[in-house]
Amino acid sequence: MKTETINKNQEVAEKTQRISGSEAVVRSLMAEGVDILYGYPGGAIMPVYDELYKFQDQIHHVLTRHEQGAAHAAQGYARISGKVGVAMATSGPGATNLITGIADAQIDSTPLVCITGQVFSHLLGSDAFQETDIVGISTPVTKWNCQVTKAEDIPAAIAKAFYIARSGRPGPVLVDITKDAQVAELDFKYEKCKGVRSYNPVPKTNPEAINAAAELINNAKKPMIVWGQGVILGQAEEELKNVIEKAGIPAAWTILGASAFPTSHPLNIGMVGMHGNYAPNKLTNECDVLIAIGMRFDDRVTGNLDSYAKQAKIIHFDIDPAEINKNVKVDVAVLGDSKESLAMLSEALNKNSHDAWLKEFKDLYAIEFDQVINNDINPTKEGLTMGEVLKQINIESNGNAAIVSDVGQHQMIACRYADFNVTKSNITSGGLGTMGFALPAAIGAKMAAPDREVVAIIGDGGYQMNIQELGTIFQQKAAVKIVVLNNEFLGMVRQWQQLFFDKRYASTEMTNPNFVAIAEGYYIKARKVTKRDELAEAVKEMMASKESYFLEVCVEKEDNVFPMIPSGASVSDVRLS
Amino acid sequence: MSEDIQSFTISVYTENNIGLLNRISAIFQRRHINIESLTTSQSEIDGVNRFVIVVNICEDTACKIVKQIEKQVETIKAYYHTEDETIFTESCMFKIKSDLLFNEPQIQNIIKESYARIVTVNKEFFVLEKSGRRNEIESLRGDLNRFGIMQFVRSGRIAVTKDQMKITELLTAFDNQ
């Protein structure tokens, strides 16, 4: 939506008008600057859809093919734009189908506002048709939720929802609106929420904590940074860069932190975690000061906590007090907004470099390159590898594409090998590990950032979990590039079965359909590659396409992702084979 | 921080909103912690509710749980305290056949010695009420059980802390922002 239109909507919102609850929903969304929302109509939300029909020139509703697709599309929209994603569904099954996306947004701190229709308030609790207690169901996976049963409460509930979703550590909220509240009238006046008295979204950064952190870092011989998504959510990319460069600190990233700082930078030492890079995992247990920024020491990052960075002083920057000492006991906690606290830290740091220490990372990288990376991206064996597909995408995108990955082996390969020059470019389901995330999330990402190249990298398993969203891509003409890396297996589970279950491949082998025919059934240009000599040209054709494009690459069936920290092992036990 | 399991009283000041009980209890549920007792009521501040939750956990867990409760949007403040740091009590009621009051002279002594209060007496039954520590209530129940108890009910713990809570200051600070 153009800025003038948004301003006009905001002006309209400031005057009091007598309107229906359902119109108030739509006007409230517009007053919050919503230009696109994703959803699926049904009985209990029909009055709102009727208003969306009237306002369709001002607010674009995207009909997904399943409510789960709507939630993930809203996530993709939020992740690439930094704005609040909006999903809408009817009561009962419509609302419950949103839950996986909401849970995903909760664990990955993605700002979402979900609006659900609910049965008439006099029917609440009576097992009415399509009644489900969505407020109860969504409670553990939302940052906040509420049920509105009166039309006059709608604007304030939506204002509070947007405020809570986007402020502090972002997260999903759900507003459940009974049908009678949608139908009844109210005097509409929209006022943005400016605060909630019981909620302190951004703790103030304590200068003493900054000084304590700076002193540890200034005296460190082997400092190491691990940053997470908090840098992206806090729009602190520049401040992070300043800290890294000023103090010359090798810096690694968690999966959700990817792209906040360019992969090509000499101080970028790669990804930590179960399938992260060899050097940052191994040297986590060698550093003397570990600086964690906007990350939450997830078990996939730390491995066994009893042998995680025990030798190091640990500094933890986070906006959420509940993250401090949750998994790892820290020596200095710096609460606050990453943009502000990193700027303060940068001021307090001495200019420095750690060349010998950095060389330890480079030496271990050389080992990883020889034993793993080279075989992944420059394979000489007959079968295609996932890594070489990523390499071709990098060549065509110059590292400027947004990569939306699903969950599994292809996800780890995508995160390991994609070049990232631009922030907010790695859109993936990190915490929840939701297969089926990528296809709808890519739709949301492409619609939020139409000028950006959006490439979805998906396995043959996850692709079929939300394959129906090809219909949305076709209807919306969303120019998403879809790459299915087909190994005819649920590859990551198969890898674990091979390594830890004596190759008993229980229910992981897939007999797959003709994916090209399916894409073509949705009138999406499609191509299948089975040989190496076709790959470069096929990726080039896909990336050059102005429209959506489906590329299936048949890769080696039983390749494994390495390095790997076996579940429960220490980061220093990271395996190269 | 001690790893020993002990009884903690968790006090939570919240807005008075529907669904908050669910949100708070879910934090215990997801860690597989049994709630020994839970009481919610108006606090010393109008419009602010107070939860008193008793759980048997280690201090490290208590600390993490309190932060996760406080993270909920409608929680104003949460604390955990050991038994030594609080003044606490429970309340209970017994419904007993009235005949016993007249036929068993011992009962009158039990009532007198336990400082229990007779709430009502009619032809069929009388009702005793007692406040105190769990062991006092259990001891009274044991004594009365010999004669037969028609109904027994015990409330959750209510507790005030020896330390100040400073909730009013927090709310005033917000209003002045």
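**Domain layout and chain contacts in a predicted model**

In chain B, the centres of domain 1 and domain 2, taken over C-alpha atoms, are separated by 32 Å. The structure is a predicted model, in which local features need pLDDT of at least 70 and side-chain atom pairs count only at pLDDT 80 or more, whereas totals for chains, interfaces and linings use all residues. Residues are numbered from 1 along each chain as its sequence is written, while chains are lettered from A and ligands numbered from 1 in the order in which they are written.

Domain bounds come from an automatic or database domain assignment, which for chain B gives domain 1 (6–87 + 158–175) and domain 2 (89–154). Chain A is divided into domain 1 (3–188), domain 2 (207–359) and domain 3 (382–554). Between domain 1 of chain A and domain 2 of chain A, the centres over C-alpha atoms lie 37 Å apart. Five residues from each of these two domains of chain A take part in their contact, where two residues count as in contact if their C-beta atoms, placed from the backbone, lie within 7 Å. On the side of domain 1 of chain A that touches domain 2 of chain A, one residue is nonpolar, two are polar and two are charged; here Ala, Val, Leu, Ile, Met, Phe, Trp, Tyr, Cys and Pro count as nonpolar, Asp, Glu, Lys and Arg as charged, and the others, Gly among them, as polar.

Between the chains, 16 residues of chain A are in contact with 18 residues of chain B. The side of chain A that touches chain B comprises eight nonpolar, four polar and four charged residues.
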